[in-house]
Amino acid sequence: MDFYCDDCLRTHHGADGTEHAPWPVHDYLGPDVLAELGPLEMMSLFLEGGLCLVAGPEGIECYVQVLLTLPVFGEPGRALHYAPWARVAPEDLLEHMAALREAERRRARRSARRRHPVLSEFDGVLATALPDYPDSLGQPVRLIAREQGEPTTIVPDPSSEHPLARDLRDGISLQEAELRVRSLALTDLAA
């Protein structure tokens, strides 16, 4: 499959979902709540670099962009990636930011470093409605945050029977993954 990448402004040829020829990541510009904000609320919004803060009547709402990876079963090394948003508690976000600062200090003091250790884990809820999962908005997820520059990933609630949790655990078929990639590409063209 070939696709045009808006990030690098190039056409990628032969994408097959592997690490060396990945399918495009379906990226979301912000959490779905942004569509509900009025002009005054938009003025009190912070949105930058995978972090979104919205000031509301009950305090600050915190959102982080995450990486959601659906493995392709029977096809080791192939995966479909989304970059949705998750809502997290302000105290969890502050704890994670403190862990990032500490990791930067440690890295500055040593020459050898471990490969992307987990800095923090915390609970959140999905803040993006995903195609193929009509009731995904508000699904509980576990966020796994790593060092600066590494994406925060999500894993499903182990007790959840939601189709998204099942697909995150078990994977989707190659045919389903290819269908979704084509469908998302058509959706992007129509936007």
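This is a predicted model: local features need pLDDT of at least 70, side-chain atom pairs count only at pLDDT 80 or more; totals for chains, interfaces and linings use all residues.

Reader: What makes a residue part of the lining of the second largest pocket?

Author: An atom within 4 Å of a pocket point; a pocket is an open set of points on a 1 Å grid where a 1.4 Å probe fits, with protein on both sides within 12 Å along at least five of seven lines. Here 21 residues line the second largest pocket, with Gly49, Gly50, Gln65, Glu150 and Thr152 nearest its centre. Helix H2 (90–109) and strand E6 (59–65) each give two or more, and H2 has the largest share, four residues.

Reader: How do you know that E11 and E12 pair?

Author: Pairing takes at least two DSSP bridges; strand E11 (residues 140–146) and E12 have four, in the antiparallel sense, so they count as a pair. Val141, for one, is bridged to Pro156 in E12.

Reader: Why are E4 and E12 called edges?

Author: The open sheet runs E4-E5-E6-E9-E10-E11-E12, with antiparallel pairing. Strands E4 (45–48) and E12 (153–156) each have a single partner strand, so one side of each lacks a neighbour in the sheet. A strand here is a DSSP run of E, at least two residues; a helix is a run of H or I, at least four.

Conventions. Residues are numbered from 1 along each chain as its sequence is written. Side-chain values use heavy atoms; hydrogens and water are left out.
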